[in-house]
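Reader: I should like to examine the terms used to describe this model and the grounds for each. Could we begin with what is meant by a contact?

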Amino acid sequence: MANSKYEYVRHFELADNMLPNTWLVVRIDGRGFHRFSQAHNFAKPNDRRAIDLMNRCAIEVMKDIKDIILAYGQSDEYSFIIPKSSTLYSRRSSKICSTIVSLFASNYVMHWAEYFGETKLQYAPCFDSRTVCYPNDTVLRDYLCWRQADCHINNLFNTTFWALVNQGGLSEEEAEKRLRGTFSKDKHEILFTQFSINYNNIEPIYKKGSTIIRKKTEVTSISPNSGEEVKRMKLVPTAIYEDIIGDAFWEAHPELLK
């Protein structure tokens, strides 16, 4: 940047570097997505197209920003995990979260038609974002446990709520009143006795959310010199739908907490 008499205005910028040697989590959330889902006729309680689109956006973000080691998403939110050793954008909070959320939102628009076909995007989606420091591995895991537990609680409620509305003939107000004060076991009972739905058999993607990690995958490309196919192993961001609260996931992927 050229020096000029106006350069003094840079001193008004506030430093927002995140603490060193801490995990950075960037969480994005859809803004006004209840209205957005209604305007685009999302299926209830879960629209697989919408979930797959969110996952695609997160994968594209991870392809672009190599520092991200893991992402976890459910509903209209996604959390991106950046390791303690990262110096991405000098750990500037505003730079990190604005880059990730803008990449995510632009990919949402770009790939919309691939997942929703002829359903036209009525207006631009909007996401907010924040960056939070977590001091150690235990707290980071507790954060991810919190988000996956939230996914399970919300999905159980929504599955029961929409069963009462779509199959039970209740209005949305009546269904909400029916579920007020109920516990998990009560919702399981309603689903099984009234609608023959065993919640345990529902697809994991809905109950556990989506975890994206970099998996070793055989990738085929064309050599620019010979024009022949070349196969090589690469770390490719891939969505899986597993429990991340217990130890099994972390024992299977020890590289994540290095």
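Author: Contact means heavy atoms within 4.5 Å. The model is a predicted one. By that criterion, Leu-156, Phe-157, Thr-159, Thr-160, Ala-163 and Leu-164 in H5 meet Ser-184, Lys-187, His-188, Ile-190, Leu-191, Gln-194 and Phe-195 in H7.

Reader: What is the geometry with which H5 and H7 pack, and which hand has the crossing?

Author: Two packed helices are described by the angle between their axes and the distance between the axes. For H5 and helix H7 (residues 184-195), the angle is about 35° and the axes are 10 Å apart. The crossing of H5 past H7 is left-handed.

Reader: How do you know that the span of H3 agrees with that of a helix of 18 residues?

Author: Helix H3 covers residues 93-110, and at 1.5 Å a residue it should span 26 Å; its end C-alpha atoms lie 26 Å apart, so the value agrees with the expectation.

Reader: Which residues of H3 are called buried, and against what do they pack?

Author: Buried means under 20% relative accessible area. Among the residues of H3 in this class are Ile-96, Ile-100, Val-101, Phe-104 and Tyr-108. The buried residues of H3 pack against strands S1, S3 and S4 and against helices H1, H2 and H4.

Reader: What makes a set of residues a nonpolar core, and which have the most contacts inside the largest one?

Author: The members must be buried nonpolar residues joined through side-chain atoms within 4.5 Å. The largest such core has 34 residues, and those with the most contacts inside it are Tyr-78, Phe-80, Ile-100, Phe-104, Tyr-108 and Phe-127. S1, H1, H2, S3, H3 and H4 each give two or more residues to this core. Apart from it lies another core, of 17 residues, including Tyr-72, Leu-140, Leu-144 and Ile-244.

Reader: What is the strand order of the open sheet, and what makes a strand an edge strand?

Author: The six strands run in the order S4-S1-S3-S2-S5-S6, with antiparallel pairing. S4 and strand S6 (229-240) are the edge strands, as each pairs on one side only. The twist averages 25° from one strand to the next.

Conventions: Residues are numbered from 1 along each chain as its sequence is written. This is a predicted model: local features need pLDDT of at least 70, side-chain atom pairs count only at pLDDT 80 or more; totals for chains, interfaces and linings use all residues. Side-chain values use heavy atoms; hydrogens and water are left out. Helices (H or I, at least four residues) and strands (E, at least two) are DSSP runs, numbered from the N terminus. The expected span of a helix is 1.5 Å times one less than its number of residues. Buried means under 20% relative accessible area, exposed over 50%, partly exposed in between (1.4 Å probe, protein chains only). Two strands pair if DSSP finds at least two bridges between them. Axes are lines fitted to C-alpha atoms, for helices over the stretch in contact, and angles run from 0 to 180 degrees between N-to-C directions. A crossing is left-handed if the near helix is turned anticlockwise from the far one by less than a right angle, and right-handed if clockwise.
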